[in-house]
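Dear colleague,

I am passing on the structure below, together with notes on what was found in it. Please read the notes with the model open beside them.

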Amino acid sequence: MELIKLLQKEIEQEAITTRKMLSRIPSDKLDWQPHPKSMALKNLAAHIAELPAWLEMIIDTDELDFEKNPYSPPAAQSTEEILVFFEETLKNGEEALERADVKNFSKEWVLRNGDQIYSRDTKYEVIRMVYSQIVHHRAQLGVYLRLLNVPIPGSYGPSADEM
């Protein structure tokens with residue numbers, strides 16, 4: 001199977017689990033955070049929901065410079081808004097993969113804040129990092145949900161709540 005098809009299959013599979021996790025978020029707890037250094041639940045959820053759109057950015061650009069493009073997290077006011085936002089970013093990411101040329105995957109992509117370079121990697125490596133970020137932050141969300149006594153859906157098999 002060619003690389004792009006594999007990436008498409010993987011984002012589709014991860015979207016199923018991500019959608020299940022995001023749908024469990026209680027709208028009345030969006031401002032909750034487990035620790036002062038932790039993100040509020042709505043910010044974590046919005047970040048998870050926005051990550052598929054990074055595929056489009058990686059495929060269509062050669063860098064993200066926070067100095068030129070200051071980051072402002074999406075404002076989520078309900079679980080439904082988070083899910084709608086996720087579906088939009090997922091669609092954008094999937095469409096970007098459809099038009100992607102694997103020949104460009106070896107090109108450099110830079111994450112920076114002006115002169116400060118955070119990373120220089122190939123576009124393929126950054127795409128894989130995005131997939132890892134989705135899984136990583138979704139696991140964080142699982143901890144948040146557990147602390148809120150919300151049953152956790154299974155990711156790669158049944159969860160303890162589904163047994």
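Trp54 has its place in helix α3, where helices (H or I, at least four residues) and strands (E, at least two) are DSSP runs numbered from the N terminus. Please bear in mind that this is a predicted model, in which local features need pLDDT of at least 70 and side-chain atom pairs count only at pLDDT 80 or more, while totals for chains, interfaces and linings use all residues. Residues are numbered from 1 along each chain as its sequence is written, and side-chain values use heavy atoms, with hydrogens and water left out.

With a relative accessible area of 14%, Trp54 is buried; here buried means under 20% relative accessible area, exposed over 50%, and partly exposed in between, with a 1.4 Å probe and protein chains only. Not counting residues up to four places away in sequence, Trp54 touches Leu64, Trp109, Leu111 and Val130, contact meaning heavy atoms within 4.5 Å.

β1 and β2 (residues 108–113) run parallel and are joined by 3 bridges, with Leu64 standing opposite Leu111 in β2. β2 and β3, by contrast, run antiparallel and are joined by 6 bridges, and Val110 stands opposite Arg120 in β3. These two strands, β2 and β3, form a hairpin with 2 residues between them, and Gly114 in the turn has a positive phi of about 65°.

The largest pocket has a volume of about 210 Å³. Of the 14 residues that line this pocket, the closest to its centre are His47, Glu50, Trp54, Phe66 and Tyr71. A pocket, on a 1 Å grid over the protein atoms alone, is an open set of points where a 1.4 Å probe fits, with protein on both sides within 12 Å along at least five of seven lines, and lining residues have an atom within 4 Å of a point. Grid points are joined across faces, edges and corners, and the volume is the space filled by probe spheres set on the points. α5 gives the most to the lining, with 4 residues.

Lastly, Thr79 lies in helix α4 (residues 79–99) and counts as buried at 8% relative accessibility. Leaving out residues up to four places away in sequence, Thr79 touches Leu22, Ser23, Ile25, Pro26 and Ser27.

With best wishes

Definitions and conventions
Two strands pair if DSSP finds at least two bridges between them.
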